[in-house]
Amino acid sequence: MPNASSWSASSPLLLLWEDSSGTRIFLSLLYAVLAISGTLSNVMVIYLVFSFKKLQTTSNAFIVNGCAADLSVCALWMPQEAVLGLLPPNSSSLRSAEYRLLRGGLLGLGLTVSLASHLLVAFNRYVLITKLPSVYQALYQRRHTGCMIGLSWALALLPVPLLPGLWTLGSAQTDGSSRYTALLLALAVLGQTALLLHCYLGIVRRVRGSAKRVSVLNFHLLHQLPFPAAPPPPRRAQRRLSSVSVLLLCCVFLLGTQPLVWVSLLGFFLRPAPPALQAASWLLLCSLSALNPLLYTWRSEEFRRAARSVLPRGEGPAAA
């Protein structure tokens with residue numbers, strides 16, 4: 001019968017094999033709910049952006065890129081976790097190195113591109129609000145935007161083979177390589193978070209110091225995806241800035257990412273955190289994949305209008 005370290009090496013988010021069946025069933029149901037809700041919301045955002053021309057903006061291109069990455073987590077990885085929680089601990093599939101690599105690849109690819117897309121959206125809005133229109137137009141041409149999206153996927157492919165090493169965290173067989181892999185992950189997420197907060201705080205400072213009130217989450221650009229060959233200069237949006245929306249986005253992002261960062265740093269410099277704490281930190285990070293579409297669209301009137309037009313009751317006066 002496998003020991004605790006073999007189970008934790010197989011599945012970091014389902015805790016230890018000796019946990020009660022009720023705990024594993026609860027986590028499986030939680031993954032199932034996140035998988036269904038996250039898949040539907042990400043698919044809906046992608047469909048709306050591709051179906052409505054007004055939504056085909058540069059910022060929404062980065063949001064769609066993040067939704068595509070989140071589907072790797074919600075539609076492909078989370079259902080497997082939901083099923084694995086119901087299997088007996090001595091199942092041979094749980095200890096398969098190839099299967100672990102596949103699951104680690106899906107998780108690593110999805111989370112890396114998703115976090116990169118968060119930063120791309122924040123930087124896009126930062127340049128839009130704080131820089132001259134000519135600077136924004138020169139930076140976010142169609143070719144440059146495509147290169148940014150492609151680079152996010154290319155960089156995400158590099159650390160994918162390292163992710164299974166994270167799965168031995170907290171087990172008796174933890175080696176130095178997995179500890180350094182965890183440290184690398186923590187520093188990468190911490191650096192990305194610092195850049196994202198710098199962008200949004202810079203936007204808030206710029207707006208507060210300006211006589212104009214600019215919308216961050218509901219802005220609409222003139223140039224679209226695809227651009228014309230020589231797009232007109234993008235016009236700065238003139239709608240009201242929702243500080244509550246920015247604060248909520250930052251708080252949810254910090255809540256989802258920082259527990260894993262500090263659990264990883266704690267395990268590297270002091271001692272490994274309890275397995276339950278490690279599992280909770282991973283779960284919070286993965287739950288962002290289901291929440292991201294709502295974070296970026298719930299305050300957008302264009303998204304709400306487009307959603308009403310495709311829902312069963314979307315043919316009434318409100319949708320029109």
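Trainee: How do helix α2 (residues 21-51) and helix α10 (residues 301-310) pack, and at what angle?
Mentor: They pack at about 95 degrees, with their axes 10 Å apart. Axes are lines fitted to C-alpha atoms, for helices over the stretch in contact, and angles run from 0 to 180 degrees between N-to-C directions. Helices are DSSP runs of H or I with at least four residues, numbered from the N terminus. That angle makes α2 roughly perpendicular to α10 (65 to 115 degrees; under 35 is roughly parallel, over 145 roughly antiparallel, the rest oblique).

Trainee: Which residues make that contact?
Mentor: Met 44, Val 45, Tyr 47, Leu 48 and Val 49 come from α2, and Phe 303, Ala 306, Ala 307 and Val 310 from α10; contact means heavy atoms within 4.5 Å. By class there are 9 nonpolar, no polar and no charged residues. Keep in mind that this is a predicted model, where local features need pLDDT of at least 70, side-chain atom pairs count only at pLDDT 80 or more, and totals for chains, interfaces and linings use all residues. Residues are numbered from 1 along each chain as its sequence is written, and side-chain values use heavy atoms, leaving out hydrogens and water.

Trainee: How do α2 and α3 cross?
Mentor: Their axes come within 8 Å and cross at roughly 155 degrees, which makes α2 roughly antiparallel to α3. Their contact has 20 nonpolar, 5 polar and 2 charged residues.

Trainee: And what about α3 with α6, at what angle do they pack?
Mentor: Helix α3 (residues 58-84) and helix α6 (residues 142-157) pack at about 20 degrees, axes 11 Å apart, and are therefore roughly parallel. On the α3 side, the contact includes Phe 62 and Asn 65, and on the α6 side Met 148 and Trp 153 are among the residues. The classes there are 7 nonpolar, 4 polar and no charged.

Trainee: Switching topic: where is the kink in α9?
Mentor: At Leu 291, shortly before the proline Pro 293, and the kink is about 50 degrees. The bend at a residue is the angle between axes fitted to the seven residues ending there and the seven starting there.

Key: Helices (H or I, at least four residues) and strands (E, at least two) are DSSP runs, numbered from the N terminus. Ala, Val, Leu, Ile, Met, Phe, Trp, Tyr, Cys and Pro count as nonpolar, Asp, Glu, Lys and Arg as charged, and the others, Gly among them, as polar.
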